[in-house]
Amino acid sequence: MHILFTLIKIFMFNITITIEVQSMRVDCKVASRFAHTVMTTKAFNTANASQEVFFEVDLPKTAFITNFSIEIEGRIYVSEVKEKEKARHQYESAVSSGQTAGLVKASGRNMEKFSVSVNIAPQSHVTFTLTYEELLQRRLGSYEIMIGVRPKQLVQNFEIVVDIYEPKGIAFVDVNGTFITNELLPLVKKTVTDKKAHVYFSPTLDQQKTCSDCEETLIDGDLFIRYDVTHPQDIGEIQIINGYFVHFFAPDDLPQMPKNVVFVIDRSGSMEGEKMKQTREALMTILSELHEDDYFGLVTFDDIIELWRPFLSKATPENVTEAKGFVKTIKARHMTDINKGLLSAVDMLTSEKSHSFPDMSMIILLTDGRPNLSKIQENVQNAINGSMSLFCLGFGYDVDYSLLDTLAKQNDGLARRVYEASDAALQLQGFYDEVATPLLLEVNLNYPGNAVTDLTQSHFRQFFKGSEIVVAGRLQELETNTFQTEVSANGEYIFGDFTERLWAYLTIQQLLDEREKCSAEDKEDITAQALDLSLKYNFVTPLTSMVVTKPETEDTDEKLIADKLTEGTCSFHILKR
C-alpha cells in the first residue's frame, strides 16, 4: 500500500576526518497540515589548514525555501528573495571567479537537493540553517513526514524534533524507521494528546555507534511519521486566523462512485524488457481491484492502436479474467504515437455516454516516450472538453515529463513519474490506489461573496477517498470568526500566522498551474500575480531566486543565488567579485 510521500529529509556531510560535526537538528512544526521546517548544522574545522565543508539537504519538490543562512565565526550570509531576472542580472553583471559551489537539483522520487560548500579556516566554526514550508497533502487516509537520517559520521548533539498541532483532534500517529534497531527503538519518544503530538529522537554518541569500539554510525536510513486527523463528516473543518481562513474537506464515510476508466499503455520499442514486464504485473493487480460496478477498457499503442475491446466492459469476474489474458500478450514493438492512443481512449469513453454508464470517467496513460506531434495538447484538450480526467504516468528519466504534466493539469488530472526500479509495479499500483475510489464528482465549496475575497480554487472535478480538499481565502471583516458555507460553520483561532502563509502557498501553486492552461494574453497577468505573492511572502518559487550575500570584507563580496527547481533543470551559483 502506498502512502503519502511528503518528504522532510535531513542533510548529510561529505567531509574529511578533520571536519567535526558538532550538532545537527531538524525542527519541524506542523500546524493544521502546514509544515515549517528548520534544519541546522554546526561544524568545526579541527585541522590547522582550511577545509571545504558540504551542506546538502533533500527537501520536498512541493516545498518553497523561505530562508537560508551561513554563519562563520559570527559573520552571517544574509538571504533575500528577488525576482528571478533581477537576480540573474546580478549574477551576469558580477565577475565570476572560481567554480560553482552548490546547486539545487533533482535527487529522488519526491525531492530535490539543496547543496552548498564553503571553505572554513583552521580551528573555525560554520553553522548552516535552511528553512522551508509546504502544505502536507493527504493520500490514502494519512499524512506522512519522512525524515532521511544520514549524517555519515557520529554527531555530538543530534536531534530530530517534530511537533504537530491539529485543532480538530489527531486520530493516530505512527512512528517507524528503516534504521530503528531494538537498541534505538526506546530512544524514539512519542507523546500524543487530543490535539497535539510530539516526536523526539536524540541518541548520544555511544548510542549512535555500531559497536562500543566502533566509529561508524547506526543512524543511516529514514524515519517515518504518519498521522491523520479527526475529519468532520459534514462541511469539514474551518479555521480563521488574522483575517484569513482555511477550509479542509475530507468526508471519507461516503459510498463509492462507480467509474469508467481506460488504461492507455505504451508498447513502443523503448518499453522492451523490465518496463513492459512491470507494467503487465501492475495491470494484473489493478484489474483484480476493479469494483464490479466499474467499466473499463484497454488501449495499447506504438505507431498502431490496438484495443482489447472497442467498447467499455463491466468489471465482472469473467471480463477481468479475459482482460488479464490480453495484458499477458502485450509486447513492446515500434514507434510512439501518444496522440492516437489518447484520442482512441477519449472516443471509447465519449461514445458510450448513457444513463447506464457512470458519470465519473478517467484515462490513465502510461508511457516512457516523447510525443511526436506538436499539437497534442490542443488535440487532447479539445477532445476531452472537460468531460473526463487524464492522469499521466511517465516512465523513466528521459520521458517528456513537462508535457505530461501540462496534459494532466489541462484535463483535471495529475502527472507522476514512475521510477525505473524494482518496485515500479508497486509504484503504478500505488498511484492507481489513490484514484481508485471516487466519492464525489463536480465538488463546489461555496462561500458568501460579500464575506470572502482572494479565494483559492473552490471547484474540484472529483474527490477521492483518503484525500483532502483545501480551500483558503481572505475575510472582508478581520474580526469575523463565523460565516456561512452551505451550512453554518464556526472558525477557531489557533497560534501563529500560518493560515495567511498557507493561503499564499496555495494561491501561488494554483497560479503556477493555471499558467499552463490559460491563454497567452492571460499568462502575463497570472505570472505577475504569482511573482508578487512570491516576493511578498519570501518564497523561492520558479519565478524568484534567493540571493545570499556574505558581509563585505576587504577583499571579497560573495553571493549565492539559489533557484527553485523545475523539471530537468538545476541552478545554484556562488559568485566572487
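Modeller: In this predicted model, contact means that heavy atoms lie within 4.5 Å of each other.

Biologist: With that cut-off in mind, which residues does Phe263 touch, leaving aside those up to four places away in sequence?

Modeller: Phe263 touches Leu283, Ile286, Gly297, Leu298, Val299, Ile364 and Tyr432.

Biologist: What makes the set of residues around Phe263 a nonpolar core?

Modeller: The name applies because buried residues of the nonpolar kinds, such as Phe, Leu, Met, Ile, Tyr and Val, are joined through side-chain atoms within 4.5 Å, and the largest such core has 37 residues, with Phe263, Phe296, Leu298, Met362, Ile364, Tyr432 and Val435 among those with the most contacts inside it. Several elements each supply at least two of its residues, including β19 (259-266), α3 (274-288) and α8 (424-435), and the largest share, six residues, comes from α8. Apart from this core lies another, of 30 residues, among them Ile170, Val173, Phe201 and Leu223.

Biologist: Why are α3 and α4 called roughly antiparallel?

Modeller: Their axes come within 10 Å and cross at roughly 175 degrees; angles over 145 degrees count as roughly antiparallel, and α3 and α4 are therefore described in that way.

Biologist: Which residues of α3 and α4 meet, and how do they divide by kind?

Modeller: Arg280, Leu283, Met284, Leu287 and Ser288 in α3 meet Val320, Ala323, Lys324, Val327 and Lys328 in α4, and the residues of this contact divide into six nonpolar, one polar and three charged.

Biologist: How much of the chain counts as buried?

Modeller: Taking buried as under 20% relative accessible area, such residues make up 56% of the 577 in the chain.

Notes:
Residues are numbered from 1 along each chain as its sequence is written. This is a predicted model: local features need pLDDT of at least 70, side-chain atom pairs count only at pLDDT 80 or more; totals for chains, interfaces and linings use all residues. Side-chain values use heavy atoms; hydrogens and water are left out. Buried means under 20% relative accessible area, exposed over 50%, partly exposed in between (1.4 Å probe, protein chains only). Helices (H or I, at least four residues) and strands (E, at least two) are DSSP runs, numbered from the N terminus. Axes are lines fitted to C-alpha atoms, for helices over the stretch in contact, and angles run from 0 to 180 degrees between N-to-C directions. Angles under 35 degrees count as roughly parallel, over 145 as roughly antiparallel, 65 to 115 as roughly perpendicular and the rest as oblique. Ala, Val, Leu, Ile, Met, Phe, Trp, Tyr, Cys and Pro count as nonpolar, Asp, Glu, Lys and Arg as charged, and the others, Gly among them, as polar.
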